[in-house]
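Please read the following points beside the sequence and the model. They begin with one residue and its surroundings and then widen to the chain.

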Amino acid sequence: MPAFSELKNSESKTPRQLFTSTHAGLLKDGEKWMGSIASQCMLVLTIIATVVFEAAFTVPGGNEDNEGILCSIFLLWHT
């Protein structure tokens, strides 16, 4: 099979050269698609990171609990 990879067709192109020239349009379309998918994924990742960050620093009960619990990011005590 490696011997066939060096053979040339009637236009003096190897299989790799023929494939590259034939699929050049697909390469451009793939680059555009990948760019749009990357943008969409970045948006979703930003939203998820925001929600996770908010959930990590929000203590259930908040700082207006009737039991006298003061909830803070760095400190939690009973009064």
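1. Thr14 lies in the segment before α1, the helix of residues 15–22, where helices (H or I, at least four residues) and strands (E, at least two) are DSSP runs numbered from the N terminus. This is a predicted model, in which local features need pLDDT of at least 70 and side-chain atom pairs count only at pLDDT 80 or more, while totals for chains, interfaces and linings use all residues. Residues are numbered from 1 along each chain as its sequence is written, and side-chain values use heavy atoms, with hydrogens and water left out.

2. Is Thr14 buried or exposed? Thr14 counts as buried because its relative accessible area is 13%, the classes being buried under 20%, exposed over 50% and partly exposed in between (1.4 Å probe, protein chains only). Leaving aside residues up to four places away in sequence, Thr14 touches Ser5, Glu6, Leu7 and Lys8, a contact meaning heavy atoms within 4.5 Å.

3. Ser5, one of these partners of Thr14, also lies in the segment before α1, and with a relative accessibility of 36% it counts as partly exposed. Under the exclusion of residues up to four places away in sequence, Ser5 touches Thr14 and Pro15. Ser5 and Arg16, which are 11 residues apart in sequence, are separated by 7.6 Å from C-alpha to C-alpha.

4. The phi of Ser12 is near 60 degrees, a positive value in a residue other than glycine. Most residues other than glycine have a negative phi. Ser12 is partly exposed, with a relative accessible area of 49%.

5. In helix α2, which holds Ile47, the surface also calls for comment. Leu43, Ile47 and Val51 form a nonpolar surface patch with about 300 Å² of accessible area together; accessible areas come from the Shrake-Rupley method with a 1.4 Å probe, and for residues only the protein chains shown count as cover.

6. The chain has 2 helices and 2 strands, in the order α-α-β-β from the N terminus on. Of its 79 residues, 4% count as buried, and the chain exposes about 7,200 Å², of which carbon and sulfur atoms supply 68%.

7. The chain averages a pLDDT of 78, and 72% of the residues score at least 70, pLDDT being the predictor's confidence in each residue, from 0 to 100. Confidence is highest in helix α2 (residues 24–56), at a mean of 91, and lowest in strand β2 (residues 76–78), at 45.

Note on methods: Patch = residues over 30% accessible without salt bridge, like charges linked within 9 Å, V, L, I, M, F, W, Y side chains within 5 Å. Salt bridge = Lys/Arg side-chain N within 4 Å of Asp/Glu carboxyl O.
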